[in-house]
Amino acid sequence: MIVRSLVCASLAVLVGSPGLVAPSLRAQVTDFRPVTEETLRNPAPGDWLNFRRTDDAWGYSPLDEIDRDNVGQLQLVWSWAMDESGAQEATPLVYDGIMYLPNPQDVIQALDAATGDLIWEYRPERDPDARRGGIGAQKNIAIYDDKIFGTTHQAHIIALDARTGEVVWDTQTADPSLGYQYSAGPIVARGTVIAGITGCERYKEDICFLTGLDARTGEEKWRTSSIALPGGPGGDTWGDLPLEFRAGSDMWMTGSYDPDANLVYWGTAQAKPWARSVRGTDGDALYTNSTLAVNPDTGELVWYYQHLPGETNDMDDGFENILIDVGGRPSLFKMGKLAILWQLDRETGAFIHATDLGYQNIVDVDPETGEVTYLRTPEIGVEMTMCPSTSGFKSWRAMSFSPETNALYIPMTLNCEIATFGPTERVIGGGGTGPVRRADYRHPDAEGALGEFHALDITTGETLWRHRTPTPINTAALTTAGGVVFVGDFDRYVYAFDEATGDILWQTRLATSAQGFPVTYLANGKQYMAVPAGTGGGSWAGLIPRELIPEIRRPDHGNSIYVFALPDPR
Amino acid sequence: MRLIPGPLLVIAISLVHPMTASGLQATQADGQRTVWDGVYTEEQAERGGVQYTESCAGCHAPDLRGSTTSPSLVGMSFTFLWGERTLGELFGKIQQLMPTDRPNSLPAQTYRNILAFILRANSYPPGDQGLEADGLDQIIISAKPEPRP
């Protein structure tokens with residue numbers, strides 16, 4: 001039981017900065033119990049303590065108060081409007097009945113998870129020239145000891161006092177004026193706060209990196225480049241390009257952790273510019289489009305696996321790493337934009353299997369060896385068609401795993417593109433993704449749908465069921481021991497499916513697109529399900545529906561979170 | 001399961017890149033202007049710069065060179081994407097799709113100001129008269145000034 005006590009009612013008004021922050025009622029979390037390493041590795045069933053609840057990124061909750069028989073009775077308990085100045089891609093953390101909520105543009109709030117009452121808010125002073133718009137997503141935060149850890153769109157990693165929201169330390173890791181920013185939050189492993197940076201697409205005398213900071217002090221312990229350096233291991237995979245023209249390998253999705261192997265797993269994005277013909281090398285471009293296995297204590301790169309060597313169509317695999325033991329073999333599952341499910345041995349990085357869902361037409365992948373053969377590669381100024389579009393079939397909307405069905409539940413959008421890739425200047429400050437003249441069109445196999453929620457048996461590779469929606473599926477998935485899997489779409493619907501059959505057991509409609517990472521938790525012994533809603537972000541939610549199904553409209557604002565539960569017994 | 005409405009089955013062929021040689025020849029035959037003819041004012045670009053910072057720089061970067069999610073709006077990238085097309089097309093794209101989280105949320109004049117700012121950033125010369133609602137379809141984004149007799 002959490003007791004909130006109002007400590008004081010301080011008006012956080014900064015002189016000379018009218019309107020910067022609203023006067024806020026400051027309270028604090030009382031009876032806070034520091035989160036130990038042991039707790040973090042084995043969270044209580046009612047807590048959502050890591051990005052995807054557990055280190056293995058299953059996105060699965062063992063709670064079963066809400067089940068397939070009663071989920072139809074879910075009703076709204078509370079909702080909360082969130083910061084409107086950036087993209088909504090939030091994952092709430094829940095610990096001991098408190099929800100720690102990452103808002104866009106670095107705002108973090110602590111709310112009573114049962115009532116939605118605000119306890120504290122961290123709202124950094126904002127540069128009046130701060131860039132707003134699609135950027136500023138804060139996918140997740142982390143908790144450890146007595147601190148909340150966040151990453152900012154100004155390339156800082158910060159630690160807040162979990163009781164009060166006061167800043168404990170603030171470490172800048174890169175220069176945001178060069179484009180560097182964070183959109184994915186950190187994880188904490190053995191006292192090290194680990195985060196991967198993004199915004200690495202422009203040519204500069206610096207490259208993308210994963211970094212580990214001391215959780216107590218914010219001091220940087222290590223930094224590992226996600227790009228092979230000239231003269232170093234794998235350095236020749238970029239041809240003779242000097243370091244400043246080796247761009248990309250961003251990390252825009254938070255990693256996973258295997259405490260037994262003591263390895264963290266991080267996905268990297270594609271090389272920049274996207275097309276080989278534009279970036280000036282047809283080499284593999286290590287360590288782009290790879291899964292990296294890194295020692296969290298030292299930053300040592302223990303192994304890597306490059307999913308698409310020399311990727312050239314903007315089809316990155318930089319997404320979530322789901323750790324599942326299959327037949328006693330410790331495996332890592334990953335799906336990128338092509339909707340190919342990769343299975344690796346997570347101790348060695350050895351390839352095990354690839355399952356192509358069959359929608360893409362860009363590569364052939366050998367399911368037994370993982371060898372990739374390109375079927376179509378862009379040449380500058382030459383029009384081509386490809387499925388998917390540069391938006392991908394899969395993006396940051398993470399899959400969830402259910403141990404009951406042995407299936408992954410995959411949020412997708414189906415689409416294709418007529419694309420013509422163009423050139424970019426090879427000068428410092430230039431580069432970037434490279435321009436693409438693009439026109440999206442519907443996928444010929446999608447029967448008019450833009451969204452698909454796909455349940456895939458990971459041992460057989462067979463489709464358990466699929467549910468198509470007119471607009472893209474737009475949240476991560478959430479699996480639960482109640483046999484219910486939750487997901488939301490662009491068209492404001494939130495669904496509860498029977499995980500075994502795909503039957504819709506409950507649905508509701510929000511004020512704007514469901515967008516972010518739904519979670520479930522206990523507060524005062526009762527199970528709640530929270531789903532974020534909102535707008536912004538550069539990928540499919542922004543452009544695909546507007547181009548291909550403009551008759552379906554949603555409000556272009558409304559970042560918020562909605563919390564549902566079963567009615568109390570009368 | 002929800003049913004997919006019938007009209008959604010139609011493939012959006014109409015979204016295919018609209019540049020056609022015949023359209024271009026028609027406008028040139030009409031003796032229309034290009035972006036080298038001083039089609040915006042310095043003041044308009046100045047206002048557009050402020051509005052760009054507010055609404056566009058988050059994705060396209062303060063120096064217009066783009067980001068992971070958004071193309072560069074200057075130099076080779078701009079020429080590649082918009083060369084030989086009209087300002088009317090570019091204006092339509094910006095107004096209908098930008099900012100991606102709030103498309104068509106700005107006054108038309110603001111979109112024109114931002115367009116002027118983009119033209120200035122690409123070193124097209126300012127003139128005495130600003131971009132107006134009418135006539136954008138008659139202004140060609142040509143990479144180089146037309147040779148003058």
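Me: How many residues does the contact take from chain A and from chain B?

Reply: This is a predicted model, so bear that in mind throughout. The contact takes 47 residues from chain A and 40 residues from chain B. A residue gets in by having its C-beta atom, placed from the backbone, within 7 Å of one across the way.

Me: Which elements give two or more residues to chain A's side?

Reply: Those are β33 (436-441), β35 (463-469) and α3 (540-548) of chain A. The largest share comes from α3(A), with five residues.

Me: And what makes up that side by residue type: how many are nonpolar, polar and charged?

Reply: The side of chain A that touches chain B splits into twelve nonpolar, 20 polar and 15 charged residues. Gly is among the polar ones in this scheme.

Me: What makes the span of helix α2 of chain B close to the expected one?

Reply: Helix α2(B), residues 42-55, has 14 residues. The expected span is 1.5 Å times one less than the number of residues, and for α2(B) that comes to 20 Å. From first C-alpha to last, α2(B) reaches 20 Å, so the value sits close to what is expected.

Me: Why are the buried residues of α2(B) said to line one face of the helix?

Reply: The buried residues in α2(B) are Gln44(B), Ala45(B), Gly48(B), Tyr52(B) and Ser55(B). Looking down the axis of α2(B), they fall within an arc of 90°, so they line one face. What covers them includes α3 (57-60) and α6 (108-121) of chain B.

Me: Back in chain A, why is Trp222(A) called partly exposed?

Reply: Count C-beta neighbours inside 10 Å and Trp222(A) has 18. Buried needs 20 or more, and exposed needs 12 or fewer. The 18 of Trp222(A) fall in between, so the residue counts as partly exposed.

Me: Where does Trp222(A) lie, and which residues is Trp222(A) in contact with beyond its neighbours within four places in sequence?

Reply: Trp222(A) is in strand β16 (residues 220-225) of chain A. Setting those sequence neighbours aside, its contacts are Thr211(A), Gly212(A), Thr298(A) and Gly299(A). As for Gly488(A), 266 residues from Trp222(A) along the chain, the two C-alpha atoms are separated by 38 Å.

Methods: Residues are numbered from 1 along each chain as its sequence is written. Chains are lettered from A and ligands numbered from 1 in the order in which they are written. This is a predicted model: local features need pLDDT of at least 70, side-chain atom pairs count only at pLDDT 80 or more; totals for chains, interfaces and linings use all residues. Two residues are in contact if their C-beta atoms, placed from the backbone, lie within 7 Å. Helices (H or I, at least four residues) and strands (E, at least two) are DSSP runs, numbered from the N terminus. The arc is that of the directions from the helix axis to the C-beta atoms.
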